[in-house]
Structures are given as structure tokens and as C-alpha cells.
Amino acid sequence: MEFEKVYEPQRFETRWAEWWVESRLYAADASDERKPFSLCIPPPNVTGNLHMGHMLEHTMIDMVVRWKRMSGFNTLWLPGTDHAGIATQMVVERQMAKEGLNKHDLGREQFEERVWKWKAESGGAIVNQMKTVGVSCDWTRERFTLDPGLSRAVREVFCGLHERGLVYRGERMVNWCPRCGTALSDLEVKHDETDGSLWHIKYPVVGTDEFLIVATTRPETMLGDTAVAIHPTDERYLHLHGKTVKLPLMDREIPIILDEMADPKFGTGVVKVTPSHDPNDFEAGQRHKLPQIKVIGEDAKITSNGGSYAGMDRFDARKKVVEDLKAIGLLEKIEPHKLSIGKCERCQTVVEPLVSKQWFVNMKPLAEKAIAAVEDGRTTIEPEQSRTVFFHWMRNIRDWCVSRQLWWGHRIPSWHCQTCGEATVARETPTECVHCGSAELVQDTDVLDTWFSSGLWPFSTLGWPDQTADLKTYYPTTLMIMGYEILFFWCARMMMLGIEFMGEVPFRHVHIHGIVRDAQGKKMSKTRGNTIDPLEITAKYGTDAVRMALLTACTPGSDILWTEDKLPSSRGFANKIWNASRFLFLNMEKAEIAPHVPVSWSAQFLEERWIQSRLNAAAKACNEALASNRYHEAAQTMWHFFWDDFCDWYIEMIKLRFNDETNRASIWANLLGTYEKALRLLHPAMPFLTEELWHRLRTEGMPVSVSVTSYPVYEVSLEDAAAEREMAILQEEIRRARNEKAAKQMDPKQEIEGLLRGQGKEFEVIQANAEVFRRLAGVKLHFERTEPSAVTGTVSATLEEVAMSARGNFQGVHLILQAPAGQTDAMRKRLEKEIEQLEKVIANTQRQLGDEKFTGKAPAHIIDGMKVKLGEYELQLEKNREALRGL
């Protein structure tokens, strides 16, 4: 039997990844009458490549999906990608720019064809990467947010909202990205704090010698001022109410109004009002019926309303305005000021608040239903802080600007009449205006926000608006796993739209995970240059090692600080399993036993009874952890069981019985049965390694994959408290012997003799397993049974706790080790020399810490470090003295 010496996952991972997809192993069946477990993937952008955030999220989802599938559920994990309007259009426009073209050279229809061509050639990269790392999706149901079926669902929802009076078109203040040429939602704007300035400008009061001084961070917008405001109770300026000021540089009179937006305690208490370029000013303008003067256009240049500044870039105009104000003596002063600058999340361009005619969704009625669904438990959100954030956002929700000035996306199903000017919203292209009957209709040029279509994902992907078998079986979905950065972007919108159009929540449970940051705690991004390609590290360490490193670190509610240092230990864990498996298979061949999985087996030896009980406990812990979305606990349980219990103890003990011909069949049945069950336990976390090893054990008639076998569950009959107590005693005494040999600097591999004095259960357990003790501790024991009063010496606290919990009283044993002949004198000399050195170091440290001049000048962390070291030196000194006394 060939079993490679070295664990090299690259040999088999690609083969299994391809086979899982080609065999359609994970295709769901809506007619399956087993209880459904359904989950849809957060669709990554079609432009994207797999990053560490995807790797974490997909690993968590894959773990729970594989577990549910093995637990007997009718499981659907539905994959797909998002058309990513702005991102995709930018990619194709950059590609065209290299050819000297822009979208207008092609026209809308040909540009859309170009994007579809790009999608066909390059848009599948992230899907192929997902398949490479083995996510167990149902790839027969893969969806794309611009698929015909999903596009139909988008039209149905938009028209349905319009019919309910929840969609309207109007002029509102929006976030405008000059680079992308489109409106952005508030959530698509990221704010960076930066150092800026506060310019104090003097506005002459007409008919008086007075000035009102206003402070602004954007002096170029003053070109569009239509009022200055004072607070209704600010007595400093009330006498000026009703008068006007002369707008500097523009020679235009504007009124002085009373409005509570002016804060008497901030600055001079006077604010300029620019309704076309500030959200708060827009609201004030609505209250006071002020004119709107747009002085900055969609191209971020000053419009013709800006007088002599027309055509200038907004930031160039700022410099010129300040320069001109200085020249006419109306710039009072300039102060440094911290600014929160809004930037387009996609291209990092500074956004411009502009008044624009856009399509909006009235969100408050939708939000109220979603809030109620979380409050009454129809959907649970964890951890608790994410639930709190969800409520805060939903209770302070604003209308959603859903129109985008792009060509790639779901075009808004509205046609504008060229005769009467009214809009006709329809599911199908209308032939005439519903208002006047005219056939002169032109479709709206805008597309919908990408998040509009992804907000329908849980039900549109299942066939809605048709009442399909998939929809009936798998909606509502069971679980949604996502990062907290899209809790409102996506989760909240799915909640609102799902409840509105399905009458039911889109998912029963929401689990929010943290994000993967770099070692310094910074978010990974291309601009920072700190991103990590998951495929590079999976190629280096193996996919399972990367998965296990992520799973053991994904504590709920916490971000992961990622370094490659996490991977060698996970790779080591995979290697440990491989080596143990190789040992098992090679010895199976020596024993002339064919690979197989025994139908049943019974344990007779201590280690067999114990490993069954430990595996049973691990199964219980894993099932409980996975059921509560505590993936790190499940992964840690698997790790501890396989490394410590199975490899370090069970295999080391059971291999001592390989020459037992009388019990040969029973020993191997126990070993192979335990091994196969352990592979099933581990499979959701490490699918590639377990599939490879399981297939080497598989025989004809067994399931085609470990992933479709049954997951181990807790069985009362397998719990063996007596075996666990006895094994704990044996393990503790073996550890004591190993530690004492190490303390006395004996060769751990050299066998020595020892005396065990005592009586009671501990004594009997160790005496019954004397050969195991000799092989694992390297100590050949002699036994001396004594009366309780005769047992002297110290017993470790751990053993005492084990014994106390087992019997309620402690009788104890005393282990005395004998140094090998001829080594006692050398060991004594070595210990005496180390004791002398430690005494000198301790005395010197104590002298420094007692010197007030030194402690008065040295930094606190230095002093604290010296105190810690002193404690360590003193502890080691006592250990060495104890070892010397033992000699």
C-alpha cells in the first residue's frame, strides 16, 4: 500500500475540488422531504477576486453547511455573483480608455454588449476561485443579479413599491461622485478625518455699517448662498432680522432669516445658507422657500451661476475665492479645523452634495415591519451588539436614493412622456402614456442601485415571482452569515423587501462575523498594500490549514488580526493527522488487514473505552458549538481531540498491542472504527484532507464521499466516566514522570527505574498499566503498597483534583525516580552550577530593585519586567534545589 511520506495537499486538493463540482454531489432536491436547511451566499462582485474576508466567510458557511448536510438535512447553499454596477462599469471604461475610447463613442447599447462580453471572458474569476477552495455550493443553481429571472423580479418589486406609493421621483440632496458620474447612497460614502481650515468671511449688512461674520469650510459654495441664518433667540443679532446682506464677490443681496440650524454657541452664531450644496441648508431652504442656485455642477466645476469663476474646478475656485476675499478686505481670519471629508467608497473622489432629480424609496414603512420581525424573534441577529446597531439604523432610516447615473445595471422601468411630461412605471415596455395616451415615450436612462437587486437575493434566486418548488421548500432561508460592514447595506434591505413581498422574513437567523485585519489591526485594502491573496497561502500551506487557522480565530464579535504566523501550526496539525494516518495504514498492511470500516466494535482495553468516550464528548461539543454558530469552539474541539486524545495518547497506547494476536481483530476494529468516525467529525472544518483519507479507507457499498455520511452525535451508551477517570490518573502520572525527568535534565528517551508507593485507585490504575507507563514515560516502575499514613511526598494539584472529583476523597500515590547509574554526580554538579548562577542573578536584580535612584529614573515597564523576571528566577531556583534534594 503506497502512502506518501510527506503531507502535500497540492497533490489531491484540485482533484477533489473538481470532483465535488462535476459529480453534482451538492445539488439540492426541492422534493426531498427531509427538513430543509437553506442559505444563500453573500454574492461577491463579479469584478472581484477572492480576498481573506471571502475566505473567512465562505469557510464558516461551508463548515455549517457540510455539518447540516451530514446531519441529515435537505441542504441548499445557493451561490452567485453581483453585477456590481459602478465597479464593473469602471473596469470596462478603464479597459476602453487604453484603446482611446469612452462609452459615448460606443453608445449605450454597444457599451452594454461590451460589458457582457467582459463578464463572459473575465467575470467568472471569483467563481472559479471559490470552486478551487472547495466551497460545497449547489453550482447547478448559480445565479447572477442580471440574469433574466432576477431582472424580472427587480421590475416586479420596483413596480410593486411604486403601486404602494413607496417609490417617488423628486429633487433631493444627494451625494454625487464626479468621477463615477452618479448619485451615491449615504452608505456608499466613506468619511475620512483630515486637517482643513475654517474661513471667517464678513458679509456687509445692507444699509448699515455692520457685518455678519460667517465661518465655512467650503468658501467656494458661498457663490450659491441665498440667505444667512441667525438663531431665533440670539439677542446679538435679532435687530438685524428682516434686513439683507450683500453677498461678497457676487454683488447680490440675500435675506437674514431666523432658523434653529444656527447655533449661538458655535463660532459667531451666524451660518450661511446654500440650499443647493448642503443637506442641512437644503432643508432650511425648503422651510423658508429660498431659491436654489447651483454653482457646482456634476463635473465638479463651477457653473455659469458662479459668475467670473465659471468653468473652474471646485478646488481651484476655492483658492481664487479666498484670494479675492482677502483683496477686498472681507476675509476676517483663517483657523485650522478638523474636517470629515466624504469620499466615494469606490474611487475615493471627494463627493459633492448636489440637488438632483432622483428616484427614492420611502423606507420608514418598510423599516417598521423589519424592526418588528427582529423584536418578536422571527429573525434573530447575533452577536447582541449587531442587533443594537440594526435597530439604531432602522429607527433613524432615511429615504433611499435608488437611481444611479450608469449604463450597466437594471434600467429603471419608467418611461417619460415627451408630450405631457409624466412618467409611466410598468413591468413591460408600454406602448402609450398612461396619463395622456401619447406614444412618445422615452425610458429613464438611470439604473437601479446594485443593492436594490441584491436586496431581493433570498427569494429572487429561488424563482420568485413564480411560485416555484424551490421557493416553497427553501424560503425563508435558515441562516445568513455576513460581515458587519454590510449589515445595513444588505441584511436590512433583504429584511425589508423580503417581508414586504413574501410576507415572511428572508432568514431565521443572522450571524455577523468580524473582518480580517492585518497584524497592526488595519483594514486590508489595495490602497494600503496590505491585502493577502488566499490562493497564494492555500497553495503554500494547503486549503485545510488556512481554513483551520481562520476557524480557530473567528471568535464572535471580534475581528481577526491576521499574520502568516498562524499557518505553520495549522499546517502542522494537518501534517500530524497525515502522519498518524500513514502509521495506521502501514501497520494495517503489516497486519495483512485490508482497509475497511467495521460495522460495529466493542471496546475492552482502557484506552479503547476512553477514546470512545472522548470522541463521544467531542461529538457532543462540536454539535452544540455549530448549532450556536460558535465555529471557533468546534474547530478547537476537533483540534484537541485529534492531536491530543487520538494521536498523542490513543495511538501511542494502542500500538503497544499490535502484536496481541488473541485480540488482533478487536483491536483493529476499534482503531479503524474510531479513526473513520474521527474523520467524519473533522470533515466540516478540513474537507480536502478528510475526503482523501476517508477514500483510502472506503470500500464498495459505502457512500461516495465522506461529506454525505452521517455526522457523529452524542450517545449516552458511549459515555464512560470510569475510563475517563482512570485515564486521567494514568496521564497525570506519566506527565509527572516526564516533567521530573526534564527537571533533572535526564535524557527523555533513556529508560530509568522508579518506585511508586501508595494504595487505592491511583495505585491500582498505574500498576495495571505499568507497561504503558514504561513505554510512554520511560520509567520502569516498582510498586510498594502502603497504608494511607505511610504515603509521603507531594502529589500534583491536577491529580488531586481528578482524584477528588472521582471519589470524594484523596488517598494518593508517591512517585520516586532513580537517576541512571553513573549520572547522579554529573547531574548534581550541573544543578549546583545553575543554582549558583541563579542566586547571583537574583541578588543583583534585588539590589537594583532596592535602589531608589534606579527605580526613580527607570521607566515603569522596565521595573515591571524586572519584577516578573525575578519571580521566574526564584521559581526556577526552587525547582533546581528540589531536584538537587531528590538526588
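Predicted model: local features only at pLDDT ≥ 70, side-chain atom pairs only at ≥ 80, totals over all residues.
## Cysteines

A disulfide is a covalent bond between the sulfur atoms of two cysteines. A search of the whole structure finds zero disulfides. Cys177 takes part in none, and its nearest cysteine sulfur, that of Cys347, is 3.5 Å away. Cys177 is buried, its relative accessible area being 0%.

For Cys554, the closest cysteine sulfur belongs to Cys622 at 13 Å, which is too far for a bond. Cys554 also counts as buried, with 7% relative accessibility.

## Cis peptide bonds

Most residues other than glycine have a negative phi, and most peptide bonds are trans. A cis peptide bond links Glu382 to Pro383, with omega about 0 degrees. Pro383 sits in the loop between strand 15 (380–382) and helix 11 (384–395).

Trp464 and Pro465 are likewise joined by a cis peptide bond, for which omega is about 20 degrees. The loop that holds Pro465 runs between helix 13 (457–460) and helix 14 (469–474).

## Positive phi angles

Gln348, which is not a glycine, has a positive phi near 70 degrees. Its position is in the loop between strand 13 (331–344) and strand 14 (352–361). With a relative accessibility of 41%, Gln348 is partly exposed.

Glu592, also a residue other than glycine, has a positive phi of about 55 degrees. Glu592 lies in the loop between helix 18 (567–590) and helix 19 (606–627), and it is exposed at 73% relative accessible area.

Definitions and conventions: Residues numbered from 1 in each chain as written. Heavy atoms only, no water. Disulfide = S-S within 2.5 Å. Buried < 20%, exposed > 50% of the residue type's maximum accessible area, 1.4 Å probe, protein only. Helix = DSSP H or I, 4+ residues; strand = E, 2+ residues; numbered from the N terminus.
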